[in-house]
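Reader: I would like to learn how to read the features of a model like this one. Please take them one at a time.

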Amino acid sequence: MAASEESLRQALAEKQSAVDAQAHAVRALKARPGGAAQAEIDAAVEALKALKVDAGAAARRLQAALSNNGDGAAASSREAFRQAVVNTLERRLFYIPSFKIYRGVAGLYDYGPPGCAVKSNVLAFWRQHFVLEENMLEVDCPCVTPEVVLKASGHVEKFTDLMVKDEKTGTCYRADHLLKDFCKEKLEKDLTLSPEKAAELKHVIMVLDDLSAEELGAKLKEYGITAPDTKNPLSDLYPFNLMFQTSIGPSGLSPGYMRPETAQGIFVNFKDLYYYNGNKLPFAAAQIGQAFRNEISPRQGLLRVREFTLAEIEHFVDPDDKSHPKFVDVANLEFLMFPREEQLAGKSAKPMILGEAVLKGVVNNETLGYFIGRVFLFLTRLGIDKDRLRFRQHLPNEMAHYAADCWDAEIECSYGWIECVGIADRSAYDLRAHSEKSGVPLVAHEKFPEPREVEKLVIVPSKKELGLAFKGSQKMVVEALEAMSEKEALEMKATLESKGEMDFHVCTLGKTVSIMKKMVSISMDKKKEHQRVFTPSVIEPSFGIGRIIYCLFEHSFYTRQSKAEDEQLNVFSFPPLVAPIKCTVFPLIKTQKFDDVAKIIAKSLTAAGISHIIDITGTSIGKRYARTDEIGVPFAITVDSTTSVTIRERDSKQQIRVSIDEVALVVKEVTDGQSTWGDVMWRYPTHSAAHTEEE
């Protein structure tokens, strides 16, 4: 908590305490046996009024500080901004609720024409920035996934959110959302919070993702949180699996799920992809596709939906060598990073140089660091404001036990900091899990130039002796013995040699059995190896495309006054890279000769592969500019001559004059990123005709 806010809360608490004490004194005077002198009572009442005035002033100072810190009144401002953005997006058909004529379904949205174009452009740049740049292998796998695959990955058992129910209506809520909303509302609206309580609530928000189920449930009860809509009591929290279940085929005997992520399709194809890549590591596979999550309480528009597009990369690497030859290309990047130590200490994100973060061990390895850097470049080139982008390291309880390190690219929008990309070092967990479940070894090989002599653990269970001792349970005991780690096996060997027997826990039997010396042979044998066989680690950047696009919408939106200053005009300042339409073509006035020129230009734009719209309606040029600014079109071509035209840039409203023969080339040069608008302004004359004052 900021020092100024803490001191203001402390001052308010002290003044409120003085008010309470003086009020008690006034009551005591009035209740005094025999009665106090009226003058004494009047003086005490006046003192009470003065203290109340002081307390009111302290409360106003605190409220102002909260507004400046992004709380209180600022929340209303954020809400108004968000509403302006969403209203524009829906009115201009970027996206709308699905099945709208049937009142829609929470968490499902349709992209309209400009929204589809933005999404298509984002995905095209994603392919260029990652798939082409890194020579990745792109795959496209089914959305319907057999249950056995998701059992192996752990999704059937563990892909859950913690849920509570309104005990009277049955309405379901995500438990962590209720706790977060309660804390934020108290901080924004309750001016009587002590500095200690305010600090506690801010700490809860900070470490929310790190709370265990028991801690989360305890906080809900401690704060007396009830159902937000009805104030009814809530049930105890319990896990809810987020996958949509289905059956494959008419019999209903083959259960499946709609995939919650695209990654599993890549993991199960590792063996074939490794062969396709010439049996060489490292390599990366990529996939863009739909994923499905049956969210408990979808909200926040495109940020939390039940069907969405993911773009995921699985970069397979030798676990003994996670260096990256191109890390030097991103090592000098500096941006906001939020290591777990800073979060747990209640501090804020701070600028860090990526190379230093890897060198100091803040980021686990070069390959993970390389992808963090590439994600930063991808997002900022799309148009995300780098000052509202941070990389937050997962807290211990957030991170899977097998993961080496995980970071989220979080983008700040009107809803707060939103996770849009996850970049995780998942170690070898996924390939090992599918190897064990399928029986197919998903491994890589490193051939040695010369054979190497190595010591190998050899465990040889005596199936005869084990069969006599354990009969039908023999197979499970054999598998447990063969699955021992080197340390466990050598400890068993020493115990058997000294005592002749040993207690051994067999997980699959759920009990401990006695192993005799004659039942198993354990040794370390020397042998020559020509190759090393290992399970690769995987670095996984996973992109929530809808979340990135929504944050881009907010970061690109602004308003400006019309020329007459009688209305606010909406503008999306999309970079040409992602703009849904690259340019418009407008005849200045409706005449046949200008219409013919406009059609010629439109034809040349089509031939150059530039998306455009042509408007020959004759509406005023100012209104036509405003209409296309509102969907983020970066350039407008105005036909005011039969030999040359003007090109207007959306944000500066500056114009240049270009010959009709050159116009398509100039627009393509700027929209493809070969030149900037500043570059072409140096080469062509600027234009300041009457129609530049369009709004």
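**Reading the model, feature by feature**

Author: S153 is buried, because its relative accessible area is 9%. That value comes from a predicted model, as do the others that follow.

Reader: Where does S153 lie, and with what is S153 in contact?

Author: S153 belongs to helix α5, residues 147-153. With neighbours within four places in sequence set aside, S153 has contacts with Q264, Y429 and H434.

Reader: Next, cysteines. How many disulfides are there?

Author: The general idea is that a disulfide is a covalent bond joining the sulfur atoms of two cysteines. Here the count is 0 disulfides.

Reader: Let us turn to charges. How many salt bridges are counted?

Author: In general, side chains of opposite charge can pair when their charged atoms come close. In this model the count is 44 salt bridges. One of them pairs the side chains of R374 and E134, with 3.8 Å from N to O.

Reader: Are R374 and E134 buried or exposed?

Author: Both R374 and E134 are buried. The cut-off for that word is a relative accessible area under 20%. Another salt bridge joins R174 and D176, whose closest N and O atoms are 2.6 Å apart. R174 counts as buried because its relative accessibility is 9%, and D176 counts as buried because its value is 15%.

Reader: With which residue does D385 form a salt bridge?

Author: With R388, where the closest N and O atoms are 3.4 Å apart. D385 has 28% relative accessibility, so D385 counts as partly exposed. R388 is partly exposed because its relative accessible area is 26%. Salt bridges can also share partners, and in that way R390, R392, E398, D408 and E410 are joined into one network.

Reader: What about the nonpolar surface? Which residues make a patch there?

Author: F99, I101, Y102 and V105 make a nonpolar surface patch of about 520 Å². Y102 lies in the loop between β1 (95-97) and β2 (109-111). Y102 counts as exposed because its relative accessibility is 67%. F99 is also in the loop between β1 and β2.

Reader: Staying with the backbone, is the peptide bond from L281 to P282 cis or trans?

Author: That bond is cis, with omega near -5°. P282 is in the loop between α11 (270-276) and β10 (283-292).

Reader: How far apart in space are H203 and Q343?

Author: H203 and Q343 are 9.0 Å apart, C-alpha to C-alpha, and 140 residues apart in sequence. H203 lies in helix α8, residues 195-206. H203 counts as partly exposed because its relative accessibility is 38%.

Reader: Last, the overall layout. Into which domains is the protein divided?

Author: The assignment gives domain 1 (5-69), domain 2 (160-241), domain 3 (264-431 + 537-546), domain 4 (449-534) and domain 5 (581-683). Taken over C-alpha atoms, the centres of domain 2 and domain 5 are separated by 53 Å.

Note on methods. Residues are numbered from 1 along each chain as its sequence is written. This is a predicted model: local features need pLDDT of at least 70, side-chain atom pairs count only at pLDDT 80 or more; totals for chains, interfaces and linings use all residues. Side-chain values use heavy atoms; hydrogens and water are left out. A disulfide is a pair of cysteine sulfur atoms within 2.5 Å. Patches are made of residues with over 30% relative accessible area and no salt bridge: like charges are joined within 9 Å, nonpolar side chains (Val, Leu, Ile, Met, Phe, Trp, Tyr) within 5 Å. Accessible areas come from the Shrake-Rupley method with a 1.4 Å probe; for residues, only the protein chains shown count as cover. A salt bridge is a side-chain nitrogen of Lys or Arg within 4 Å of a carboxyl oxygen of Asp or Glu. Helices (H or I, at least four residues) and strands (E, at least two) are DSSP runs, numbered from the N terminus. Buried means under 20% relative accessible area, exposed over 50%, partly exposed in between (1.4 Å probe, protein chains only). Contact means heavy atoms within 4.5 Å. Domain bounds come from an automatic or database domain assignment.
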